[in-house]
Each structure stands twice: as structure tokens, then as C-alpha cells.
Amino acid sequence: MSVNTSVVNSKIPAIFIGHGSPMNAIEDNPYTKAWEQLGKTLPRPNAILVISAHWYTRGTAVTSMLKPKTIHDFGGFPEALYQIEYPAPGSPELAQQVADLLAPEPIFLDKEEWGLDHGTWEILVRMYPEADIPVIQLSIDGTKPATWHHELGKKLAILREQGVLIMGSGNVVHNLRAMNWQNDQAEPYPWALSFEQFVYDNLQSKAIPHPLTKGLEREDGKLSNPSAEHYLPILPILGTWDGEEEVSTPIEGIVSASLSMLSVIVGSSSSYFE
């Protein structure tokens, strides 16, 4: 896959990361190595706002505590994974700014309940292992239509001009029941390939509504995403696109037949990966 690129923008990029298994926090593979490279080569952010598949709510919330806890929201994994802590500071100020940007939508400022789930820290522990950049999470409101999530990105886009890295964390193909758990190199299902290609082909679409907001209405979209939470985080990231910036896919690949690791950068430069 390749995306035509020509414009380099001074705003900090926005990124969507296909996060895959929590084991990526401790394993070395092409995907985790690529995350480490992103951390070294992307402009260093002043703060990070993550929209993770693993905080799926009714209504919208944002973490607003000074010290968000590390949440081990999974079961049946090696003990080493449960020992990981990601003690990044929070930012109540950024949380309030997010709430203001999304007004009049009611945003719950979460001061104690949530924290950083594995959709956030499994990536950041590879990108920014020092955990010295403030991190907040914005929940995914499962009651809202897909178009709302795309519009969300448009409202948040100004944060990029302030050095805030807006990150979506999920997988555009995420069917755990269909996965080949014994072979991560298993041949992808035709529907997984076709839906991932549909996503790729429409990353720079200017159509209204955005074609990807209709993705889960497609037959291959339903097979690729039996539930919506891992797909939705790509929409606000694409919503931050100004229609001219470069869009690239530095990480690609489907593992275990039905889990896409496709990652997207809005506003990137090919020079980051030379």
C-alpha cells in the first residue's frame, strides 16, 4: 500500500495505532519495533490524548486526575504483563480543555474511576518508555453514530497546533472469534483483506459523510468487526485531517487471519521513517 504525499505540515501529527494483543507491551516484533521508531522520530508531544477501544461507555468521559493508574484490563496473560506500570502524569487542564472544545456535549471529568488501559499503555510503553509526557484518555461513547466520532476529531484538531498528540487505539479488523490463535502468520480471510483495503482506499476521502463512517454497514465490515469499539477510534483521527496534509500508513499487516495491525498517521512526513 502507498498513499500519495506532498504536503508537510508544522502541526504535530495525529495517529491511529492498530494495537493488537497486550503482549505487544513486552514482546519484540515488527509492530513493537515500529512503535519504538515512531516515538523516536515523531515530534515530541507536549501531551497525549488517547481514544482507546477499551474505554467504551454510555456518554463521554475524559480522565482528569493528576496520576492516572495503570489498568490491567485483561485476563489469562503471563505475570510479567501484570507487573507493568506506566506512571505517566495526567493533565486536568487538558481534560478541561477537551470538555470545553466538545461543548455543549456533556463531558464527564473522571477524577478517580478510570486511568490508562492497555489500549493506551501497551503502545506508550514502547513509544515513550520514560512515561514523562502527560497522558489523558477520552472514552468512546457507544451510543453515538459513527459520523459523530468523525466530527469529534474535527473539534479536537486544534489541539494538534498546541503540541498534543491525538492517538486512536484499536484495530480496523478485530474478530477474535475467527482468529487463528495458533498461527499469527495464518492467511487472512478474504473479508478481512477486503475491509482493510476499503479502509485504506478511503483514508483521504473528502466525501460527506466520510465513507468510513459507513464501514460497519458493509458485509465485510460486519465480519471484520462484530462489535464497533475497535473500529471507531480511527474516525476521530481522520476527523483531524485538514484535507491537504500527508496521510501515511507506516505499519501494515494482518495477524492470525483476522486482526489488522494497520496504523495511520495524519500529518506525517516520510522523513520520519528514512
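1. Ala 257 is buried, at 3% relative accessibility; buried means under 20% relative accessible area, exposed over 50% and partly exposed in between, with a 1.4 Å probe and protein chains only. Its phi is near 80 degrees, a positive value in a residue other than glycine. Ala 257 sits in the loop between β12 and β13. Helices (H or I, at least four residues) and strands (E, at least two) are DSSP runs, numbered from the N terminus.

2. The model is predicted: local features need pLDDT of at least 70, side-chain atom pairs count only at pLDDT 80 or more, and totals for chains, interfaces and linings use all residues. Residues are numbered from 1 along each chain as its sequence is written, and side-chain values use heavy atoms, with hydrogens and water left out.

3. Ser 256 also has a positive phi, near 55 degrees. This residue is in the loop between β12 (254-255) and β13 (259-260), and with a relative accessible area of 7% it is buried. Most residues other than glycine have a negative phi, and most peptide bonds are trans.

4. Two cis peptide bonds deserve a check. The bond joining Ala 103 and Pro 104 is cis, with omega about 10 degrees; Pro 104 belongs to the loop between α3 (92-102) and β6 (107-110). The bond from Ile 208 to Pro 209 is cis as well, with omega near -5 degrees. Pro 209 lies in the loop between α6 (190-201) and α7 (219-224).

5. Helix α1 (residues 30-41) has twelve residues and spans 16 Å from its first C-alpha to its last, close to the 16 Å expected at 1.5 Å a residue. The expected span is 1.5 Å times one less than the number of residues. At the start of α1, a side-chain oxygen of Asn 29 comes to within 2.9 Å of the backbone nitrogen of Tyr 31.

6. Which residues of α1 are buried? They are Tyr 31, Thr 32, Trp 35, Leu 38 and Gly 39. Viewed down the axis of α1, these buried residues fall within an arc of 110 degrees, so they line one face of the helix; the arc is that of the directions from the helix axis to the C-beta atoms. Pro 30 and Lys 40, on the other side of α1, are exposed. The cover over the buried residues of α1 includes β1 (14-18), α4 (118-127), β11 (247-251), β12 and β14 (263-266), where contact means heavy atoms within 4.5 Å.

7. Ser 91 is in the loop between α2 (79-82) and α3 and is buried, at 13% relative accessibility. A polar atom of the Ser 91 side chain lies 3.1 Å from the backbone nitrogen of Leu 94. Not counting residues up to four places away in sequence, Ser 91 touches Met 65, Pro 134, Val 135 and Ile 136.

8. Leu 102, in helix α3, is buried with a relative accessible area of 2%. Not counting residues up to four places away in sequence, Leu 102 touches Ile 107, Leu 138, Leu 152, Lys 155 and Leu 156. Leu 102 and Thr 60 are 42 residues apart in sequence, with their C-alpha atoms 9.9 Å apart in space.

9. The structure holds nine salt bridges, a salt bridge being a side-chain nitrogen of Lys or Arg within 4 Å of a carboxyl oxygen of Asp or Glu. One of them pairs Arg 126 with Asp 28, the closest N and O atoms being 2.7 Å apart. Arg 126 lies in helix α4 and Asp 28 in the loop between β1 and α1, so the pair ties together parts that are 98 residues apart in sequence. Arg 126 is buried, with a relative accessible area of 9%, whereas Asp 28 is exposed at 57% relative accessibility.

10. Asp 132 forms a salt bridge with Arg 44, with the closest N and O atoms 3.0 Å apart. This pair links distant parts of the chain: Asp 132 is in the loop between α4 and β8 (135-137) and Arg 44 in the loop between α1 and β2 (47-52), 88 residues apart. Asp 132 is partly exposed, with a relative accessible area of 40%.

11. In the salt bridge of Asp 220 with Arg 218, the closest N and O atoms are 2.8 Å apart. Asp 220 is buried, with a relative accessible area of 10%, while Arg 218 is partly exposed at 31% relative accessibility. A network of salt bridges links Lys 11, Arg 160, Asp 242 and Glu 245.

How values were computed:
A polar contact is a pair of N or O atoms within 3.5 Å; within protein, one must be able to donate a hydrogen and the other to accept it, and residues adjacent in sequence count only if both atoms are side-chain atoms.
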